[in-house]
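Student: I have a structure open and would like to learn how to read its features one by one. Could we go through it together?

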Amino acid sequence: MSYQNIVILTGAGISQESGLGTFRDNGGLWAEYAIEDVATPEAFAANPRLVYDFYNMRRAELLKDEISFNSAHQALADFESHFAGQFKLVTQNVDNLHEAAGSKSLIHMHGELQKARCLFCGHISMWEDDLDEKSICPSCQDTRGMRPHIVWFGEMPLQMDDIYSLLADCDLFVSIGTSGNVYPAAGFVQIANDAGAHTVELNLEPSQGATLFKEKIYGKASEIVPAFLKGLGR
Ligand code: APR
């Protein structure tokens, strides 16, 4: 079967072998931190220092020498560069490993650690350093308005109209390394099923929505993603 319109969704599991922890596995980030303390607009209003520190720590982690993309990120970028049809990679991840591997047609639906957004003028800037209350917006020069460009719980993920129209047209939907706990991403498989697409789960273990997928392959992303994409041909 050759596919013409492919949508791939990735989650924290694809970056696990790159050295970045997931959220809900044993010892994951949400075992160490309470979501309501660090990942909501209310948390940022109540205790901005704690929220800044949480994302500063995660942003700094990306710059460590030992953190680099793995063969799953690489295989996706290689596939995209040779694929003749429509291809879109939608990631829930806020790390930069897909672009580091060379992915181009990419939507960061939950934002990006290496960007900051000004609450006053809305400008989005690249941001590799720490962020705090004194950070200055490079566009409007205002202070106290810079926040991580991250979609927090209770906020609308980015580019949802684009994503829904891609899903409605796709003939293959592949979900990689996500536990299927967080909507709207967890609902993408159903939209793709309704569109008549073939749907595939590639994960370490069955996700919450595993039964919704027509095909499932379980194992480490670094092994099963390259093998699956090779099997698709071009
Ligand atoms: N290869 C493949 N899958 C893996 C690997 C691996 N090496 N390691 C872990 N996994 C799988 C786990 O089995 C789990 O099902 O990756 C999944 C990670 O799930 P979560 O930690 O819940 O991460 P994710 O699904 O991306 O979370 C969604 O939740 O907190 C929010 O905004 C955050 O984007 C995130 C969203």
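Tutor: Gladly. Let us begin with a term: buried means under 20% relative accessible area, exposed means over 50%, and partly exposed is what lies in between. Keep in mind that this is a predicted model.

Student: How does that apply to His82: what is its relative accessibility, and how is it classed?

Tutor: His82 has 48% relative accessibility, so it counts as partly exposed. You will find His82 in helix H6, which covers residues 71–82.

Student: Is Ser15 buried or exposed?

Tutor: Ser15 is buried, because its relative accessible area is 2%, and the cut-off for buried is under 20%. Ser15 belongs to helix H1, residues 13–16. Its side chain makes a polar contact of 3.3 Å with the side chain of His73.

Student: Let us turn to aromatic rings. How is a pair of them described?

Tutor: A pair of aromatic rings is described by the distance of the centres and the angle of the planes. In this model the count comes to twelve aromatic pairs. One of them is Trp30 with Phe54, a stacked pair at 6.0 Å centre to centre and 20° between the planes. The label follows from the angle, because planes under 30 degrees apart count as stacked.

Student: Where do Trp30 and Phe54 lie?

Tutor: Trp30 is in helix H2 (residues 29–32) and Phe54 is in helix H5 (residues 48–62), so the pair ties together parts that are 24 residues apart in sequence. Both Trp30 and Phe54 are buried.

Student: Which residues form the aromatic cluster?

Tutor: One aromatic cluster is formed by Phe23, Trp30, Tyr33, Phe44, Tyr52, Phe54, Tyr55, Trp152 and Phe153. Notice Trp152 there: Arg147 lies over its face, at 3.8 Å from the ring centre.

Student: Now the backbone. Which peptide bond is cis?

Tutor: The bond to check is the one from Tyr183 to Pro184, which is cis with omega near 10°. Pro184 is in the loop between strand E7 (172–176) and helix H9 (188–194).

Student: What is the phi of Gln141, and what is that of Arg144?

Tutor: Gln141 has a positive phi of about 70° although it is not a glycine. Arg144 is not a glycine either, and its phi is positive, at about 65°. Gln141 is found in the loop between strand E5 (124–126) and strand E6 (146–150), and Arg144 lies in the loop between E5 and E6. Arg144 counts as exposed because its relative accessibility is 59%.

Student: Finally, how many cavities of 30 Å³ or more does a search of the whole structure find?

Tutor: The search finds one. The largest cavity holds about 120 Å³ of space. It is lined by 15 residues, and the closest to its centre are Ser175, Thr178, Gly180, Ala186 and Phe213.

Student: What classes of residue make up that lining?

Tutor: The lining has seven nonpolar, seven polar and one charged residues.

Notes
Residues are numbered from 1 along each chain as its sequence is written. This is a predicted model: local features need pLDDT of at least 70, side-chain atom pairs count only at pLDDT 80 or more; totals for chains, interfaces and linings use all residues. Side-chain values use heavy atoms; hydrogens and water are left out. On a 1 Å grid over the protein atoms alone, a cavity is a set of points where a 1.4 Å probe fits but cannot get out, and a pocket is an open set with protein on both sides within 12 Å along at least five of seven lines; lining residues have an atom within 4 Å of a point. Grid points are joined across faces, edges and corners, and a volume is the space filled by probe spheres set on the points. Ala, Val, Leu, Ile, Met, Phe, Trp, Tyr, Cys and Pro count as nonpolar, Asp, Glu, Lys and Arg as charged, and the others, Gly among them, as polar. Rings of Phe, Tyr and Trp (its six-membered ring) pair if their centres lie within 6.5 Å; planes under 30 degrees apart count as stacked, over 60 as edge-to-face and the rest as tilted. Helices (H or I, at least four residues) and strands (E, at least two) are DSSP runs, numbered from the N terminus. Buried means under 20% relative accessible area, exposed over 50%, partly exposed in between (1.4 Å probe, protein chains only). A charge sits over a ring if NZ of Lys or CZ of Arg is within 6 Å of the ring centre and within 35 degrees of the ring normal. A polar contact is a pair of N or O atoms within 3.5 Å; within protein, one must be able to donate a hydrogen and the other to accept it, and residues adjacent in sequence count only if both atoms are side-chain atoms.
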